[in-house]
Amino acid sequence: MEITYVYTKFRREFGRPGLFSDRAETVMVDIQPNPNLISNFVVKTPRDQATQACVDMCEHPVNTERFESTNCGVNHMEGAWPKDINPRDLEQTVRFKKKIEKEENYVNSLVHLGYVMDHCIRQNNTIDIYQEHFKEDTMEKVPELPTAKTMCVFRDPNKVKRTITGLSWHPDGGRKLAAAYCSLDFQKSPPDMSFDSYIWDLENPNYPEMALKPESPLVCLDYNPKDPHTLVGGSYSGQIAFWDTRRGSQPVEYSSLEHNHRDPVYKIIWLQSKTGTDAFSASTDGQILWWDVRKLSEPTERLVLDPSREGNLDRALGAISLEFEPTMPTKFMVGTEQGMVVSCNRKAKTPAEKIVCTYEGHHGPIYAIQRNPFFPKNFLTVGDWTARIWSEDIKESSIMWTKYQMSYLMDACWSPVRPSVFFTVKMEGVLDIWDLLFKQSEPTLSVKVSDKPLYSLRIQDNGQVLACGSHSGEAALLQISSGLSILQKNEKSLMAAMFERETKREKILEARQREIRLKERSRSEQSREDEAGREDGDDDPEELLAKVESDFYSLVETEMRKREKERRAAAPQEEEACDENETKDEAEDEGKNEEDKVKNEEDIGKTEAENEVKTEAESEVKIEAESEVKIEAENEVKIEEENEVKNEEENEEKNEAEDGQTE
Amino acid sequence: MADVEETLKRIEGHKGVIGTIIVNSEGLPIRTTLDNSTTSLYARLLRSFTTLARSAVRDVDPQNDLTFVRIRSKKQEILVAPENNYLLVVIQNPSE
């Protein structure tokens with residue numbers, strides 16, 4: 001299309017008509033290129049450069065403040081009715097519909113749609129286009145890598161962050177999580193720290209569903225498995241508090257100050273009882289108290305964790321973790337600060353018999369203890385830097401244990417669905433998932449959940465969702481991959497075999513130890529009979545050492561004397577003289593030592609005693625003697641070497657002297 | 001009118017058809033064989049779904065247009081035939 005631009009001007013505005021004439025062309029200006037300017041320029045390789053006239057853009061990320069939203073339901077009544085029609089009025093709506101049905105548009109489109117729809121329906125009926133053609137009975141599951149995904153994080157809404165020391169899942173499906181917040185640092189809790197603990201609903205991770213307001217921060221809490229509305233919590237001041245969530249955030253009842261614990265209550269667990277109101281708690285003051293939550297003013301029963309079974313509170317061990325399995329209601333276990341697990345029987349007749357046995361093995365406080373839900377005879381404990389698995393029958397040591405980890409293990413629990421899987425959390429913020437059937441030396445999966453230390457861990461009853469509480473008040477919810485949370489075939493039998501095997505091994509080791517001890521004891525008893533005149537039985541090893549030392553020194557001395565003789569035979573030189581002097585001094589010292597040793601021997605026993613020592617400790621000392629002999633042999637060799645070297649030196653010096661003389 | 005009736009009857013008579021709904025452009029069910037609450041639910045949801053599907057198809061290629069929507073789920077198949085103004089929705093239980 002031609003582009004035209006129309007100019008208009010009135011005739012009267014034109015000037016006089018132009019008078020045009022021809023003229024020959026003349027050059028007005030002629031500018032020649034100046035070759036001198038070339039030096040200012042550099043010839044560049046020609047390039048293609050594209051240009052485009054467009055707007056300059058820059059990329060700038062912006063993060064807005066977190067938009068807090070709440071979910072609420074809206075009931076949508078039927079809309080879309082035209083204004084003049086009342087949707088409630090049936091007659092009007094029916095009339096409206098009938099009117100539409102009469103429209104031509106409607107009829108036409110519907111007929112057409114009918115054809116289309118017909119076609120598809122018939123298609124569906126003829127052949128199933130989504131039919132599974134390769135259906136196998138058991139599809140080979142591609143072994144997926146174990147993963148644990150963080151689903152959401154519940155953050156402490158208070159400004160001052162406290163550690164999550166206790167977690168408990170709602171017994172009914174695990175839709176809610178109760179977390180106990182407390183600052184366990186000794187006397188470091190800031191004055192404006194809030195005492196509240198929260199119950200979180202999984203649907204709403206932004207705000208806690210409910211707050212529990214005790215008088216002192218809670219260290220642990222537990223949902224009642226029989227009544228999901230009630231909770232019991234143990235606080236930092238040693239009191240027990242009982243909540244009913246239907247009745248609000250304040251505790252319904254508190255235990256009285258005279259009768260409660262004197263140290264923070266580290267663990268409280270509900271018991272199986274007919275009334276469903278019994279709980280028991282443990283604290284580092286050394287007491288285990290049983291409570292009936294209907295009457296918290298006084299504990300119903302008390303047990304002092306005194307290993308000497310005297311009920312002496314001063315010598316009691318501080319309890320840090322408790323274990324109770326509902327299938328074995330009379331037995332329970334306590335993990336102590338001193339690294340011992342105490343197994344107790346509640347139904348014992350006398351308090352002394354309540355403590356059945358102890359298991360020692362950890363070097364530090366046992367932070368968690370739990371029986372395997374499938375094999376109650378085996379239990380898991382966590383403390384110092386290891387996790388250990390024990391069998392009830394073997395009291396000397398654990399049957400299986402992990403390596404010493406890099407950081408402290410704070411909490412652990414078995415998986416409720418897989419007997420070979422357990423979880424541990426560490427001070428460096430890492431969650432470890434161990435699968436004993438897969439790998440025993442290392443965790444199957446290590447997930448770094450948080451930068452802060454993780455203090456508590458609890459798995460939901462379905463075995464798929466895990467909650468970890470950290471030092472800064474964050475509870476992270478993780479979803480475990482199905483590989484770790486679905487029972488594999490033969491797993492139970494394999495685990496049973498593994499536990500049995502390890503238990504057997506420990507039993508054999510224990511038996512062997514006992515044998516060795518018996519042998520030693522019988523031997524030492526024999527020797528005590530022979531040596532009637534002996535003052536101390538403890539001198540045996542010392543005497544042995546003395547005797548061996550004296551033998552050694554005498555050997556060295558004889559060698560030294562040999563050397564001296566050799567050197568005296570050779571031409572004495574200055575260096576050698578010095579050496580000789582040195583060796584002479586050493587020999588003198590050694591001689592003195594020998595004399596001293598001899599004196600000692602005379603003091604302690606006589607030659608007879610020596611002989612007895614020899615015969616008695618022959619077998620045990622043979623090894624030691626052999627090693628001593630070896631050392632002596634080595635020294636002899638060394639001395640010989642030194643002698644050789646010295647001889648060489650002597651020869652050289654002789655030669656030099658000779659040369660000097662000849663020259 | 002008779003055509004419409006005949007078409008609908010034929011559709012409803014096919015094997016596996018659970019119900020039929022006709023929805024207008026505003027999401028109002030004109031005619032249905034299911035109960036009220038289910039109908040209004042399906043109508044509302046499928047109206048917006050179909051509009052979204054159509055705009056997706058046309059965004060990719062403006063010359064294109066949506067002809068049919070099938071949502072197959074574990075328990076049934078929802079078939080939606082869209083038109084300018086109306087939607088014909090059929091719930092069918094596929095033969096297996």
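Select β19(A) together with strand β20 (residues 386-391) of chain A: the two run antiparallel and are joined by six bridges. Keep in mind throughout that this is a predicted model.

**Stop 1: the β19–β20 hairpin**

Pick Asn378(A) and look across to β20(A). The bridge partner there is Ser391(A). β19(A) and β20(A) make a hairpin, with two residues between the strands.

Select Asp384(A), which sits in the loop between β19 and β20 of chain A. Check the backbone: phi is near 35°, a positive value in a residue other than glycine. Most residues other than glycine have a negative phi. Is Asp384(A) buried or exposed? Asp384(A) counts as buried, because its relative accessibility is 0% and the cut-off for buried is under 20%.

**Stop 2: the other neighbour of β19**

β18(A) pairs with β19(A) in the antiparallel sense, over five bridges. These two strands also form a hairpin, here with six residues between them.

**Stop 3: the faces of β19**

Show the side chains of strand β19 (residues 378-383) of chain A. In a regular strand the side chains alternate between the two faces of the sheet. Colour one side first: Asn378(A), Leu380(A) and Val382(A). Then colour the other: Phe379(A), Thr381(A) and Gly383(A). How many of the six residues of β19 of chain A are buried? Six of the six are, so the strand is largely enclosed by the rest of the structure. Both faces are covered.

**Stop 4: Arg162 in its loop**

Move to the loop between β1 (148-155) and β2 (163-169) of chain A, and select Arg162(A). Arg162(A) has 1% relative accessibility and therefore counts as buried. Show its side-chain contacts. One polar contact goes to the side chain of Asp156(A), at 3.2 Å. Another reaches the side chain of Asn158(A), at 3.0 Å.

**Stop 5**

Gly166(A) stands opposite Ala180(A) in β3(A). The hairpin of β2(A) and β3(A) has six residues between the strands. Select Gly173(A) in this hairpin: its phi is positive, near 85°.

β3(A) and β4(A) pair in the antiparallel sense over four bridges.

**Stop 6: Asn490**

Jump to the loop between α4 (482-485) and α5 (491-530) of chain A and select Asn490(A). Phi of Asn490(A) is near 65°, a positive value in a residue other than glycine. Where Asp384(A) is buried, Asn490(A) is exposed, with a relative accessible area of 53%.

**Stop 7: chain B**

Chain B has two helices and five strands. Trace it along the sequence and the pattern reads α-β-β-α-β-β-β. Of the 96 residues in chain B, 43% are buried. Take the contacts in chain B between residues at least 6 apart in sequence: 39% of them join residues at least 24 apart.

**Stop 8: where the chains meet**

Bring chain A back. Select the contact residues: 34 come from chain B and 31 from chain A. Together the two chains bury about 3000 Å², and 62% of that area lies on carbon and sulfur atoms.

How many salt bridges are counted between chain B and chain A? The count is one. To see it, show the side chains of Asp118(A) and Arg10(B), which meet at 3.3 Å, N to O. Eight residue pairs are in polar contact across the interface.

Finish on the side of chain B that touches chain A. The elements giving two or more residues there are α1 (2-13), β1 (17-23), β2 (29-32), β3 (69-72), β4 (77-82) and β5 (87-92) of chain B. Which element gives the most? Select α1(B), with six residues. Then colour this side by class: 18 residues are nonpolar, five polar and eleven charged.

Methods: Residues numbered from 1 in each chain as written. Chains lettered and ligands numbered in written order. Predicted model: local features only at pLDDT ≥ 70, side-chain atom pairs only at ≥ 80, totals over all residues. Heavy atoms only, no water. Contact = heavy atoms within 4.5 Å. Buried area = accessible area lost by both parts, 1.4 Å probe. Salt bridge = Lys/Arg side-chain N within 4 Å of Asp/Glu carboxyl O. Polar contact = N/O pair within 3.5 Å; in protein donor to acceptor, adjacent residues only side chain to side chain. Nonpolar A, V, L, I, M, F, W, Y, C, P; charged D, E, K, R; others polar. Buried < 20%, exposed > 50% of the residue type's maximum accessible area, 1.4 Å probe, protein only. Pairing = 2+ DSSP bridges.
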